[in-house]
Amino acid sequence: MKTILVTGGAGYIGSHTCVELLEAGFAVVVVDNLDNGCEEALNRVERISHRDLMFEHADVRDKDSLDRVFRDFPIDAVVHFAGLKSVAESVSNPDLYYDVNLGGTIALCEVMESHGVTDIVFSSSATVYGISSSEPIPEYAETQPAQPYGKTKLAAEQHLQTLCEADERWNAVCLRYFNPVGAHPSGLIGEDPKGIPNNLAPYLTQVAAGFRDKLMVFGDDYPTHDGTGVRDYIHVVDLARGHVQALEFLADQRGFMPLNLGTGRPYSVLEVHAAFERAVGEKLPYVIAPRRDGDIAIYFADTAKAEMELGWTAHYDMDDMARDAWNWQSKNPEGYKS
Ligand code: NAD
Ligand code: WQD
């Protein structure tokens, strides 16, 4: 049985990936500082999978703690989720974002190498493309992230690429996620945002739950079929399964590879809103508001490379995403505090 270190495993995407890893027969060790994750999520991962995992409460920048983890457990490979993800916070505090997202990745790689572990799957983001000239976006599109968050993700990717080019033992798959939404179909784990959600799907479930009055649709004058922004939303369970397939792919010598994880099927804000109305079975109030600063009209993935390299495609559609997001929200109105 292979042992996988999952950094940030107590967070949204990490917890769903732990379920898929345990169900695929891997042993799992989670390192998380619980900055935005929750230990209860890990208890629920164990309930869903009927398997135990190991948890170390530690920061990925703390090399002594990481070193102890590598001495205590026979780690074969790493899935690296731990990081900060707020675009707005990265603009107000770029140093913190470079420290955690790039510094954390460098510290982790140093400790990995000192223990002879050189296979890593990294949580990157479609935001590394910035304003892309092509839709759908292939991996070879130019990377020009427009904000510090995206720049830290690209810098971490470049660090991994440099390691792979310098030393053939290193293998890294950088998974560039598009817009992860939804929750595990059990309703036991899901997205648990602190404060007012920035993202569309958790905002909609909070409108449905009565915590927010109405959705503000940011702009209806984009050059899209209904004027609202268009994105590539992907079910978090499909995303999680992509990580398992990336690890299996890394088992052979692969070097450095960036891969998009999306469905390739774009949806507008109004189409997402309609799917959530169907899932909830009620009208969800909305108003058209001004465009949000920094938003772009259309963003969706060319998924051909992930399909070719990993044999991976997304299985869930927007109605599945809305159903599972609402199932999680309605069963856990206060998130993991419920
Ligand atoms: P999340 O905040 O739910 O999970 C991140 C986890 O990392 C949390 O449990 C947090 O406590 C932990 N963490 C943060 N800093 C840490 C540190 N220094 N040391 C140890 N643990 C630390 O976020 P998520 O949505 O699950 O995202 C996971 C990863 O995927 C992040 O790297 C994020 O940038 C990336 N990503 C997310 C999205 C998205 O829309 N959710 C899209 C693209 C990429
Ligand atoms: C989606 C669409 C909004 C909220 C962000 C990050 C990105 C990535 C994923 C990590 C847009 C519209 C939203 C609302 C709305 N994260 N919207 N009303 O902006 O595509 O991506 O999360 O890597 O880096 O930037 O996602 O869910 O915020 O917005 O109308 O209250 O919904 O304008 O068109 P986005 P989102």
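Strand E9 (residues 230-231) and E14 run parallel and are joined by two bridges; strands here are DSSP runs (E, at least two residues), helices are runs of H or I with at least four, and both are numbered from the N terminus. Across from Tyr-299 in E14 sits Arg-231. Two strands count as paired if DSSP finds at least two bridges between them, and on that basis the order E12-E9-E14 makes an open sheet of three strands with mixed pairing. Strand E12 (267-268) and strand E14 (298-299) are its edges, each pairing on one side only.

This is a predicted model, in which local features need pLDDT of at least 70 and side-chain atom pairs pLDDT 80 or more, while totals for chains, interfaces and linings use all residues. Residues are numbered from 1 along each chain as written, chains are lettered from A and ligands numbered from 1 in written order, and side-chain values use heavy atoms, leaving out hydrogens and water.

Now for ligand 1. Around it are 27 residues, with Asp-32, Asn-36, Phe-81, Lys-85 and Tyr-149 coming nearest (a residue is near if one of its heavy atoms lies within 4 Å). Polar contacts are pairs of N or O atoms within 3.5 Å; within protein, one must be able to donate a hydrogen and the other to accept it, and residues adjacent in sequence count only if both atoms are side-chain atoms. A polar side-chain atom of Asn-36 is 2.7 Å from a ligand 1 oxygen atom, and a backbone N or O atom of Ile-13 is 2.8 Å from one. E5 gives the largest share of the shell, three residues.
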